[in-house]
Each structure stands twice: as C-alpha cells, then as structure tokens.
Amino acid sequence: MTDTLNQSDPREPSGEFPEQEQPTQPGLTSEMDPQPDHGETSWQGRERLVGRKALITGGDSGIGRAVAIAFAREGADVAIVYLPEEEEDAQVTERHVREAGRKAVLLPADLTEEQACIEVVSAARDELGGLDILIPNAAYQRQREGVDTLQVSEIERTFHTNLISAMVLAREAVPHMSPGASIIVTTSIQASQPSSVLLDYAMTKAAQVAFIQALATELGPKGIRVNGVAPGPIWTPLIPATGFPADKVKEFGADTPLGRAGQPVELAGAYVYLASDEASYTSGAVLPVTGGKGF
C-alpha cells in the first residue's frame with residue numbers, strides 16, 4: 001500500500017469563483033472573492049536566501065506578494081514597487097515581510113516612465129544596501145475586442161509596463177550586481193499559447209522569453225543568472241480587473257489538466273528555487289507553473 005499521508009491532491013481546492021469584476025486596473029486584493037492565498041499561513045522558510053536583497057515590481061499583491069513573503073521567510077530583505085493607488089495592498093505585504101524579521105522598502109512608482117525605473121533601482125540599492133535579486137513582475141493586461149479596435153495608447157501602456165520597464169530595470173541594476181546575483185522575469189503561458197483577446201499582452205510575454213534567453217547569454221560570463229517563471233491561470237487581482245466577462249472569471253482555470261486556477265503561493269517556490277544557490281547551474285530557463293498546460 002502506498003503511504004499518501006503527507007501527499008496533497010494537486011486538483012484541490014477545486015470549484016468555481018463567484019462572478020465578479022473590477023472596473024479598472026490595478027485590481028485590489030480586498031475586493032476579491034475568495035481572497036488569494038499568498039502563503040501567509042503556509043510558507044515556511046528554510047534559510048535559502050539569507051542575506052539577499054531583492055527588488056520585486058508588482059510586489060504589493062498577487063504573485064509579487066507571495067514571492068515577497070516567501071523571500072522574507074527565506075532570509076531576504078525586500079523592496080517592492082507598486083502604483084500609488086495600490087498603497088493599501090503594499091502595506092499588507094510590508095507587514096508580512098517585517099513580521100518575518102526582514103527589512104521592507106516600499107517604492108510607489110509608475111514603471112511606464114523611464115525615470116521611475118531608474119529611481120526605484122537606485123532607491124532599492126540605497127535602502128537595502130545592495131541588490132542581489134531583480135524580479136520584473138509588474139504587468140498590465142486588458143481584454144481586447146479585436147485587432148481593429150486596438151488603440152496605440154493601450155498598446156504602449158502594455159509594452160511599457162510589461163517589457164520596456166523590465167529592460168530598463170535590468171539596465172540600471174546589472175552594473176551593481178555581483179557574481180551569484182539573479183534576475184527572474186515573470187512571463188506567462190501566453191508567450192506560447194497566446195489568446196486573441198490578450199493580443200498585445202501575449203506579444204510582450206513572448207518577447208520576454210527572448211529577453212531572458214538573450215540576457216542570460218550576455219550575463220552568464222559575469223556570473224549573473226537570468227531566468228523566467230511562466231504562470232498559467234493564477235488567481236490575482238489582475239484577473240477580475242482585465243475586463244473578462246463575469247462568466248469567464250467564474251470558470252477561470254477550469255480548462256487546465258488539474259481543473260482549477262492556481263494560487264499565488266503556488267508560484268513562490270519557483271522564484272525561491274531560481275534565486276537560490278540550488279539553481280546555480282540554471283540560467284536562460286523558463287519554468288512553467290501552469291496547472292499542466294504545456295509551455
């Protein structure tokens with residue numbers, strides 16, 4: 001007989017989400033039902049990132065919050081970047097980082113502006129006393145009704161948030177990073193399985209994969225690793241604020257082989273691994289966390 005006492009069923013928890021929608025981005029955690037699981041009560045650190053100093057964009061909520069909590073409990077100090085209107089969410093993340101006994105730095109900024117990217121890297125370095133880990137995680141997406149309805153202003157917002165900011169952040173951070181440092185980009189299953197209603201978003205995510213691979217080639221000789229994590233359907237404020245029909249939100253994630261959406265905490269382990277010495281020979285890789293969807 002197989003002993004499954006300590007083995008969880010990856011199909012659980014299952015079930016639909018209540019129909020819901022948030023009118024604009026950024027979405028807010030407080031308005032979500034149910035509340036996402038960021039590992040607040042479950043993540044147990046094992047000292048894999050002791051002394052590291054991390055900058056996480058979009059660190060106020062969703063995947064960014066889960067990574068910030070896990071990093072802090074693994075021993076890292078954390079700076080998070082978020083839009084000013086996400087201050088309430090950011091303060092919750094800050095509290096969890098501080099409760100783990102680590103330093104938390106809050107950096108409200110709009111990363112669609114080049115100068116903001118420059119300033120947050122500088123501030124993170126100054127406040128943390130250096131920078132070992134950069135995680136470009138902030139993202140913007142809206143449902144599109146068709147290519148004939150695309151507006152240049154929306155395309156530019158998507159590209160500046162998801163792609164250009166990551167490139168500028170890396171440009172600013174890399175000269176101050178030492179061998180052993182790590183860059184981890186949040187890409188998406190949309191990079192390989194693009195949805196027509198997320199055309200511009202999917203384009204930025206595919207471009208991020210090329211960015212990861214090219215930058216890993218450049219920075220490998222300097223001892224800096226570059227990798228990515230490709231989430232599938234994850235229950236974050238981005239989802240009800242994307243403009244999806246309420247019935248699509250209700251069934252979010254049901255089309256995966258595991259039959260459900262993922263929770264932010266289920267991404268955290270991928271980032272911890274890629275940032276840690278356990279991944280010392282891993283660079284130029286994209287780790288899919290997709291509920292079984294192929295990448």
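Helices here are DSSP runs of H or I with at least four residues and strands are runs of E with at least two, both numbered from the N terminus. By that count, the loop between β3 and α3 is where A109 sits. Welcome to a quick tour of this protein, which is a predicted model: local features need pLDDT of at least 70, side-chain atom pairs count only at pLDDT 80 or more, and totals for chains, interfaces and linings use all residues. Residues are numbered from 1 along each chain as its sequence is written, and side-chain values use heavy atoms, with hydrogens and water left out.

**Overall build**

- The protein has seven helices and seven strands, and along the sequence they follow the pattern β-α-β-α-β-α-β-α-β-α-β-α-α-β.
- Along its principal axes, the C-alpha trace spans about 60 × 45 × 35 Å.
- Contact means heavy atoms within 4.5 Å, and 78% of the contacts with a separation of 6 or more join residues 24 or more positions apart.

**Surface and charge**

- Buried residues make up 52% of the 295 residues; buried means under 20% relative accessible area, exposed over 50%, and partly exposed in between, with a 1.4 Å probe and protein chains only.
- Carbon and sulfur atoms own 50% of the accessible surface, which comes to about 13200 Å² by the Shrake-Rupley method with a 1.4 Å probe, where for residues only the protein chains shown count as cover.
- The 23 positive and 41 negative charges have mean positions 6 Å apart.
- In that charge count, Lys and Arg are positive and Asp and Glu negative, while His and the chain ends are not counted; each charge is placed at NZ of Lys, CZ of Arg, CG of Asp or CD of Glu.

**Nonpolar cores**

- A nonpolar core is a set of buried Ala, Val, Leu, Ile, Met, Phe, Trp, Tyr and Cys residues joined through side-chain atoms within 4.5 Å.
- In the largest such core, of 37 residues, the members that touch the most others are L55, L107, V120, L134, M177 and I183.
- Two or more residues of this core come from each of β2 (77-82), β3 (104-108), α3 (114-128), α4 (152-173), β5 (182-186), α5 (199-219) and β6 (225-231).
- Apart from this core lies another, of 31 residues, with A54, V97, I135 and I184 among them.
- In soluble globular proteins, nonpolar side chains tend to be buried together.

- L55 lies in strand β1 and is buried, with a relative accessible area of 0%.
- Beyond its neighbours within four places in sequence, L55 is in contact with A79, V81, L107, V120, V121, A124, L131, I133, L134 and I135.
- L55 and V105 are 50 residues apart along the chain, yet their C-alpha atoms are separated by 9.0 Å.
- I183 touches L134, P136, A170, V174, M177, L215, L219, R225, V226 and N227, again not counting residues up to four places away in sequence.

**Helix α7**

- Eight of the eleven residues of α7 (residues 265-275) are buried, so this helix is largely enclosed by the rest of the structure.
- Those buried residues are V265, L267, A268, A270, Y271, V272, L274 and A275.
- Their cover includes α1 (62-73), β4 (133-135), β5, β6 and β7 (286-289).

- P179, in the loop between α4 and β5, is exposed, with a relative accessible area of 68%, and touches K222 and G223, not counting residues up to four places away in sequence.
- D277, in the loop between α7 and β7, is exposed too, with a relative accessible area of 57%.
- E47 belongs to the segment before β1 (53-57) and is exposed, with a relative accessible area of 64%.
- E47 has a positive phi of about 60° although it is not a glycine; most residues other than glycine have a negative phi.
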